[in-house]
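User: I have a model open and want to go through it with you. Can you take my questions as they come?

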Amino acid sequence: MTREKWLITLEKIRKQFQIDNEEHGPLGEEIPGEKWLVEFEAPGMGKIKMEWVEKPRLKEVKTTYANRIGSTTKVTNVYDENEMVNYLNVFKWNEREQAWEKLANEFMNL
(Lines give C-alpha, C1' and ligand atoms only; values in the text may rest on other atoms or scores of the structure.)
Protein backbone atom coordinates (compact mmCIF):
# COMPACT_ATOMS: atom_id res chain seq x y z
CA MET A 1 0.00 0.00 0.00
CA THR A 2 1.45 3.34 -1.01
CA ARG A 3 1.68 6.36 1.28
CA GLU A 4 -1.12 8.13 -0.63
CA LYS A 5 -3.49 5.14 -0.29
CA TRP A 6 -2.65 4.85 3.41
CA LEU A 7 -3.41 8.53 4.04
CA ILE A 8 -6.75 8.18 2.20
CA THR A 9 -7.58 5.05 4.21
CA LEU A 10 -6.59 6.76 7.45
CA GLU A 11 -8.85 9.73 6.67
CA LYS A 12 -11.77 7.37 5.97
CA ILE A 13 -11.17 5.62 9.29
CA ARG A 14 -11.12 8.96 11.11
CA LYS A 15 -14.47 9.94 9.55
CA GLN A 16 -16.28 6.61 10.05
CA PHE A 17 -14.99 5.38 13.42
CA GLN A 18 -13.97 6.72 16.78
CA ILE A 19 -10.19 6.47 17.12
CA ASP A 20 -8.98 4.89 20.39
CA ASN A 21 -5.25 5.40 19.74
CA GLU A 22 -3.20 6.95 16.95
CA GLU A 23 0.59 7.09 16.78
CA HIS A 24 3.11 8.19 14.17
CA GLY A 25 6.87 8.04 14.56
CA PRO A 26 10.19 6.45 13.67
CA LEU A 27 10.66 2.67 13.58
CA GLY A 28 13.63 2.69 15.90
CA GLU A 29 17.14 3.93 16.44
CA GLU A 30 18.85 1.33 14.25
CA ILE A 31 16.14 0.93 11.58
CA PRO A 32 15.40 3.94 9.38
CA GLY A 33 11.78 4.54 8.43
CA GLU A 34 8.45 5.43 9.97
CA LYS A 35 5.40 3.70 11.38
CA TRP A 36 1.73 4.76 11.66
CA LEU A 37 -0.52 2.98 14.11
CA VAL A 38 -4.27 3.45 14.50
CA GLU A 39 -6.69 1.58 16.79
CA PHE A 40 -10.47 1.87 16.48
CA GLU A 41 -13.73 0.05 17.23
CA ALA A 42 -15.49 -1.36 14.13
CA PRO A 43 -19.17 -2.39 14.42
CA GLY A 44 -19.51 -6.15 14.07
CA MET A 45 -15.74 -6.74 14.21
CA GLY A 46 -14.64 -5.30 17.53
CA LYS A 47 -11.31 -3.59 18.14
CA ILE A 48 -9.09 -3.26 15.08
CA LYS A 49 -5.47 -2.13 14.91
CA MET A 50 -3.84 -1.09 11.62
CA GLU A 51 -0.10 -0.62 11.32
CA TRP A 52 1.47 0.92 8.20
CA VAL A 53 5.28 0.82 7.86
CA GLU A 54 7.56 2.54 5.36
CA LYS A 55 11.28 1.77 5.39
CA PRO A 56 14.22 1.51 2.99
CA ARG A 57 14.69 -1.83 1.23
CA LEU A 58 17.32 -4.05 2.85
CA LYS A 59 20.15 -4.50 0.33
CA GLU A 60 22.41 -6.84 2.25
CA VAL A 61 23.46 -8.08 5.66
CA LYS A 62 27.19 -7.78 6.33
CA THR A 63 28.78 -10.06 8.89
CA THR A 64 32.18 -9.16 10.33
CA TYR A 65 34.03 -11.81 12.33
CA ALA A 66 37.46 -13.17 13.11
CA ASN A 67 38.58 -16.78 13.49
CA ARG A 68 40.11 -16.12 16.89
CA ILE A 69 38.96 -17.62 20.15
CA GLY A 70 36.82 -15.16 22.08
CA SER A 71 36.19 -12.84 19.14
CA THR A 72 32.70 -11.47 18.50
CA THR A 73 30.58 -11.35 15.39
CA LYS A 74 29.09 -8.07 14.22
CA VAL A 75 26.05 -7.99 11.91
CA THR A 76 25.38 -4.78 9.94
CA ASN A 77 22.29 -4.17 7.78
CA VAL A 78 22.82 -2.11 4.63
CA TYR A 79 19.72 -0.26 3.37
CA ASP A 80 19.02 1.14 -0.10
CA GLU A 81 18.72 4.93 0.14
CA ASN A 82 16.57 5.25 -3.01
CA GLU A 83 14.06 2.38 -2.80
CA MET A 84 11.38 2.25 -0.10
CA VAL A 85 9.21 -0.68 1.05
CA ASN A 86 5.66 -0.18 2.39
CA TYR A 87 3.42 -2.71 4.07
CA LEU A 88 0.22 -2.84 6.08
CA ASN A 89 -0.56 -5.12 9.02
CA VAL A 90 -4.12 -5.45 10.33
CA PHE A 91 -4.87 -6.94 13.74
CA LYS A 92 -8.10 -7.84 15.54
CA TRP A 93 -8.42 -7.93 19.32
CA ASN A 94 -9.12 -11.42 20.70
CA GLU A 95 -11.16 -10.99 23.90
CA ARG A 96 -10.66 -14.58 25.04
CA GLU A 97 -6.86 -14.51 24.88
CA GLN A 98 -6.52 -10.77 25.54
CA ALA A 99 -4.11 -10.38 22.61
CA TRP A 100 -3.96 -8.98 19.07
CA GLU A 101 -4.42 -11.51 16.22
CA LYS A 102 -3.02 -10.72 12.80
CA LEU A 103 -5.61 -10.94 10.02
CA ALA A 104 -4.60 -12.71 6.80
CA ASN A 105 -3.80 -10.42 3.86
CA GLU A 106 -6.28 -12.11 1.51
CA PHE A 107 -9.19 -10.82 3.61
CA MET A 108 -8.10 -7.19 3.26
CA ASN A 109 -9.69 -5.34 0.38
CA LEU A 110 -8.16 -1.88 0.68
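This is a predicted model: local features need pLDDT of at least 70, side-chain atom pairs count only at pLDDT 80 or more; totals for chains, interfaces and linings use all residues.

User: Where is Asn21, and what does Asn21 touch, not counting residues up to four places away in sequence?

Analyst: Asn21 belongs to strand β1. Strands (E, at least two residues) and helices (H or I, at least four) are DSSP runs, numbered from the N terminus. Leaving out residues up to four places away in sequence, Asn21 touches Leu37, Val38 and Glu39, where contact means heavy atoms within 4.5 Å.

User: Which residue in β2 stands opposite Asn21?

Analyst: Glu39 stands opposite Asn21. The pairing of β1 with β2 (residues 34-42) is antiparallel, over seven bridges. Two strands count as paired if DSSP finds at least two bridges between them.

User: What's the strand order in the sheet?

Analyst: The order is β1-β2-β3-β4-β5, in an open sheet of five strands with antiparallel pairing. β1 (19-26) and β5 (99-102) are at the edges with a single partner strand each, so one side of each has no neighbour in the sheet. From one strand to the next, the twist averages 30°; axes are lines fitted to C-alpha atoms, for helices over the stretch in contact, and angles run from 0 to 180 degrees between N-to-C directions.

User: What does helix α1 touch on the sheet?

Analyst: Helix α1 (residues 3-16) packs on the sheet and touches β1, β2, β3 (46-64) and β4 (74-94). The directions of α1 and β2 make about 30°.

User: How many bridges join β2 to β3?

Analyst: Nine, with the strands running antiparallel. Lys35 stands opposite Val53 in β3. The hairpin of β2 and β3 has three residues between the strands, and Gly44 takes a positive phi near 85° there.

User: And how many between β3 and β4?

Analyst: 15 bridges, again with an antiparallel run. Met50 has Val90 as its bridge partner in β4.

User: Is Val90 buried or exposed?

Analyst: Val90 is buried, because its relative accessible area is 7%. From Val90 to Glu60 it is 28 Å in space, C-alpha to C-alpha, and 30 residues in sequence.

User: Switching to charges. How many salt bridges does the structure hold?

Analyst: Six. A salt bridge here is a side-chain nitrogen of Lys or Arg within 4 Å of a carboxyl oxygen of Asp or Glu. One of them joins Glu54 and Arg3, with the closest N and O atoms 2.6 Å apart. Glu54 is in strand β3 and Arg3 in helix α1, so the pair ties together parts 51 residues apart in sequence.

User: What about Glu83 and Arg57?

Analyst: Glu83 and Arg57 form a salt bridge too, the closest N and O atoms being 3.0 Å apart. Glu83 lies in strand β4 and Arg57 in strand β3, so the pair ties together parts 26 residues apart in sequence. Glu83 is partly exposed, with a relative accessible area of 36%, and Arg57 is partly exposed at 38%.

User: Which residues do salt bridges with shared partners join into one network?

Analyst: Arg3, Glu34 and Glu54.

User: What's the pair for Arg14?

Analyst: Arg14 forms a salt bridge with Glu22, with 2.3 Å between the closest N and O atoms. Arg14 is partly exposed at 36% relative accessible area, and Glu22 is partly exposed at 34%.

User: Last topic, the surface. Which residues make the nonpolar patch?

Analyst: Leu58, Val61 and Val75 make a nonpolar surface patch of about 260 Å². Patches are made of residues with over 30% relative accessible area and no salt bridge, joining like charges within 9 Å and nonpolar side chains (Val, Leu, Ile, Met, Phe, Trp, Tyr) within 5 Å. Accessible areas come from the Shrake-Rupley method with a 1.4 Å probe, and for residues only the protein chains shown count as cover.

User: Where does Val75 lie, and why does Val75 count as exposed?

Analyst: Val75 lies in strand β4. Val75 counts as exposed because its relative accessibility is 55%.

Conventions: Residues are numbered from 1 along each chain as its sequence is written. Side-chain values use heavy atoms; hydrogens and water are left out. Buried means under 20% relative accessible area, exposed over 50%, partly exposed in between (1.4 Å probe, protein chains only).
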